[in-house]
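This report covers a few local features of one protein chain. Please look at the sequence and structure below before reading on.

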Amino acid sequence: MKQILDAILAGDSAAVGGLEVPDHYRGMTVHAEEADMFEGLTSKEKDPRKSLHLDDVPTPELGPGEALVAVMASAINYNTVWTSIFEPVSTFAFLKRYGKLSPLTARHDLPYHVVGSDLAGVVLRTGPGVNAWKPGDEVVAHCLSVELESPDGHNDTMLDSEQRIWGFETNFGGLAELALVKSNQLMPKPGHLTWEEAASPGLVNSTAYRQLVSANGANMKQGDVVLIWGASGGLGSYATQFALNGGAVPVCVVSSEEKAEICRAMGAELIIDRSAEGYRFWIDEHTQDQKEWKRLGARIRELTGGDDPDIVFEHPGRETFGASTFVARKGGTIVTCASTSGYMHSYDNRYLWMNLKRIIGSHFANYREAWEANRLIAKGMIHPTVSKVYPLEETAQAAYDVHRNLHQGKVGVLTLAPTEGLGVRDEQLRARHVDKINRFRNR
């Protein structure tokens, strides 16, 4: 592994293909035998620092259409938190199901799960049938894993009957020194970014692109008013950038003045601090407060000069979904992915059906959408939102921070990279955007 790292650090990526692939590597794992360790605890009481382990694991066999990547950096996503607290189910159920698909996928059904759905690194080896990538290529990876053996996914690969999220529903993820990916997960690493910066956008940037910009999502247009929950967070920070970049009007909902300042730094002007303004959408566990929905709607119209949201960018789920459905304009769209505050959503359907609103479910992105989202990063039109970076050994603490919402933007993880700041190839482009690249730092 040291020889591989030395070649990459020396800028001799072409030499990587001639080096021996290690038969083992270090990766962050959860263990099947511990899947019941948090039984009886609430989600908030479950601690990723107790379930995530840094293990030495065997290097998987490389199959057709696959690539083995030396991972320089990765990042924390909420799916790693879910994996670490075994919610909503243990991911070993996913691995077992995938392992039954074929002799090749049986590799994934193991008593440990190497986690992580982001990476930036260098291709080490490619399997049979891979022509677009070669050893030495500097890459990032999106997290869509598909088989495409049925017709279902050939219009939109997200609809493939065997669609999975790499590192969550498959093994050998990116929070490790090596990762196994399908070659159609790979995209060029943006040259003006460091390894940790390049690794951080993948999942959330692509997810926000499909959810907000793509015709498969809200199909946002210029002038649309977009209500964005958690607008300074890992997902919302990209939605805010896409709205501004696409000529829309973001209304950013945050939970503190510090987070409001981040939104202003991105260029947003219309901001609702839900903590300072005291919004409480639930009277008790079973009853929502429609007066609070109306108060939120009035506040949005006050900020926009009388306009209701054309689009509501939803991801908190249970806590906010009733309010989101209410405040969207007549004929408007609520587009939802994830449910970080709970999966069981409830809303007053009168405000949906009588006002001709739409709810659209959105999940990650297809290869084309992920490629377009990465292309905007590479052009310096959308920027990483890294606030803090941990070494691989402290990944569990990084996951804990995300679980407890102690972070801003994205939390990065150095895997093989020994320090931050490495991997920049285009200094000129970086100099043009360095302030925007760093605006989430140390927050």
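## Backbone

Leu148 has a relative accessibility of 26% and therefore counts as partly exposed; buried means under 20% relative accessible area, exposed over 50%, and partly exposed in between, with a 1.4 Å probe and protein chains only. Leu148 is not a glycine, yet its phi is positive, near 60°. It lies in the loop between β7 (144-145) and β8 (164-165). Helices (H or I, at least four residues) and strands (E, at least two) are DSSP runs, numbered from the N terminus.

Ala338, in the loop between β17 (333-336) and α11, also has a positive phi, near 65°. With 35% relative accessibility, Ala338 counts as partly exposed. A cis peptide bond joins Glu87 to Pro88, with omega near -10°, and Pro88 is in the loop between α3 and α4.

## Basis of the values

The model is predicted: local features need pLDDT of at least 70, side-chain atom pairs count only at pLDDT 80 or more, and totals for chains, interfaces and linings use all residues. Residues are numbered from 1 along each chain as its sequence is written, and side-chain values use heavy atoms, with hydrogens and water left out.

## Aromatic pairs

The whole structure holds twelve aromatic pairs. Rings of Phe, Tyr and Trp (its six-membered ring) pair if their centres lie within 6.5 Å; planes under 30 degrees apart count as stacked, over 60 as edge-to-face and the rest as tilted. Phe38 and Phe86 form a tilted pair, 6.3 Å centre to centre with 40° between the planes. The two residues are 48 residues apart, Phe38 in the loop between β1 (24-31) and α2 (48-51) and Phe86 in the loop between α3 (78-85) and α4 (92-99). Both Phe38 and Phe86 are buried.

The pair of Phe326 and Tyr351 is edge-to-face because the planes are at 85°, with the ring centres 4.8 Å apart. This pair links helix α10 (residues 321-327), which holds Phe326, to helix α11 (residues 349-353), which holds Tyr351. Both Phe326 and Tyr351 are buried. Elsewhere, ring pairs join Tyr78, Trp82, Phe94, Phe168 and Tyr343 into a cluster.

## Charges over rings

The charged end of Arg49 sits over the ring of Tyr400, 3.7 Å from the ring centre. Arg295 lies over the face of Tyr279, at 4.2 Å from the ring centre. A charge sits over a ring if NZ of Lys or CZ of Arg is within 6 Å of the ring centre and within 35 degrees of the ring normal.
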